[in-house]
Amino acid sequence: MIFLVSDKGKLKVAILGLTCCGGCQLEILNLEPVLLDLVEVIELVNFPEAQSENKDGPYDVAFVEGSVTTREEIERIKNIRKESKFLVALGTCACYGGVQSIRNFGDVEEARKQVYDDDGSHIDALPATGLDEHVNVDYYMRGCPVDRSEIVDVLTSLLIGKTPEPKHYSVCVECKLAEYACLLNEGKLCMGPVTNAGCKARCPAVSVPCDGCRGPYDQANLESFIEILKEKKISVEDILRKFRMYTSWAPQYRNLKVI
Ligand code: SF4
Ligand code: SF4
Ligand code: SF4
């Protein structure tokens, strides 16, 4: 996918949201130091969270945040895909389904009855999934929320005509390069060994174990990792809870056996 701004004018960008908290779009707005430079080279065609005048596609790049949880959202993401040359899944909800995919393991019908006075059948509630269960995704920008520097890196790559490259290593690599103390060695449940890098080991940097918000690293040895956690006397319940926290609907995790 090649975009050369000097040849084609400004990059036409859409920033849109499905079911989520809106935090990843907020990270784009939090790019204050570079935001004015960016709008010199991109045209924000459709960004309802930030502007009142918006247009439909076509777009060069669409950043879509949030998981797909209703029939209406399936239609929306299919239409966005048709209108976009390059589709970025923005954040862990869009990449894997996010925190709300925990509900995929529960009894939604029972929850409807508990929450609503009637049977709740008017509520359209499908299992919460990432975008790629319905459309092709060109780039997965992981994290809950995403890392601001990755937003700039991806846009810069596209602006100079390069396809952005994801990282193919774990949070532990970034953690060790920064020489932070290893929390797993202290017996704490740190998901760094199985989690995609890209956050600069933000949590271990402040002595907090990684919760795995960037999802499973593609070459992670889950079996060995779980064995190590058990050797450290971490309970099966705690291990399962951690895998179910942010990316429980990732294909590698959804049928994970911990026992
Ligand atoms: S990935 Fe996290 S911060 Fe981003 S929209 Fe989803 S819940 Fe919010
Ligand atoms: S603290 Fe966590 S991320 Fe850092 S090296 Fe240890 S296990 Fe890996
Ligand atoms: S250290 Fe883990 S939980 Fe913290 S931001 Fe990075 S991937 Fe997410």
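User: Which residues come nearest to ligand 1?

Analyst: Happy to start there; this is a predicted model, where local features need pLDDT of at least 70, side-chain atom pairs count only at pLDDT 80 or more, and totals for chains, interfaces and linings use all residues. Residues are numbered from 1 along each chain as its sequence is written, while chains are lettered from A and ligands numbered from 1 in the order in which they are written. A residue counts as near a molecule if its C-beta atom, placed from the backbone, lies within 6 Å of it. Of the 13 residues around ligand 1, the nearest are Cys20, Gly23, Gly91, Cys93 and Cys144.

User: Which elements give two or more residues to the shell around ligand 1?

Analyst: Elements here are DSSP runs numbered from the N terminus: helices (H or I, at least four residues) and strands (E, at least two). Those giving two or more residues to this shell are α2 (23-29) and α5 (92-96).

User: How many residues around ligand 3 are charged?

Analyst: The shell of ligand 3 includes Cys199, Arg202, Asp211 and Arg214. Asp, Glu, Lys and Arg count as charged; Ala, Val, Leu, Ile, Met, Phe, Trp, Tyr, Cys and Pro as nonpolar; and the others, Gly among them, as polar. The shell divides into six nonpolar and two polar residues, with the charged ones numbering three.

User: Is β1 enclosed or open, and why?

Analyst: A residue is buried if 20 or more other C-beta atoms lie within 10 Å of its own, exposed if 12 or fewer, and partly exposed in between, with C-beta atoms placed from the backbone. Leu11, Val13, Ile15 and Gly17 are buried on one side of β1, and Lys12, Ala14 and Leu16 on the other. Because seven of its seven residues are buried, β1 is largely enclosed.

User: Which residue in β3 is the bridge partner of leucine 16?

Analyst: β1 pairs with β3 in the parallel sense over five bridges. On its β2 side, β1 is joined by four bridges, and lysine 12 stands opposite glutamate 43 there. For leucine 16, the partner in β3 is valine 64.

User: In β4, which residue is the bridge partner of valine 64?

Analyst: Strands β3 (residues 59-65) and β4 (residues 84-90) run parallel and share six bridges. Valine 64 is paired in β4 with alanine 89.

Conventions:
Two strands pair if DSSP finds at least two bridges between them.
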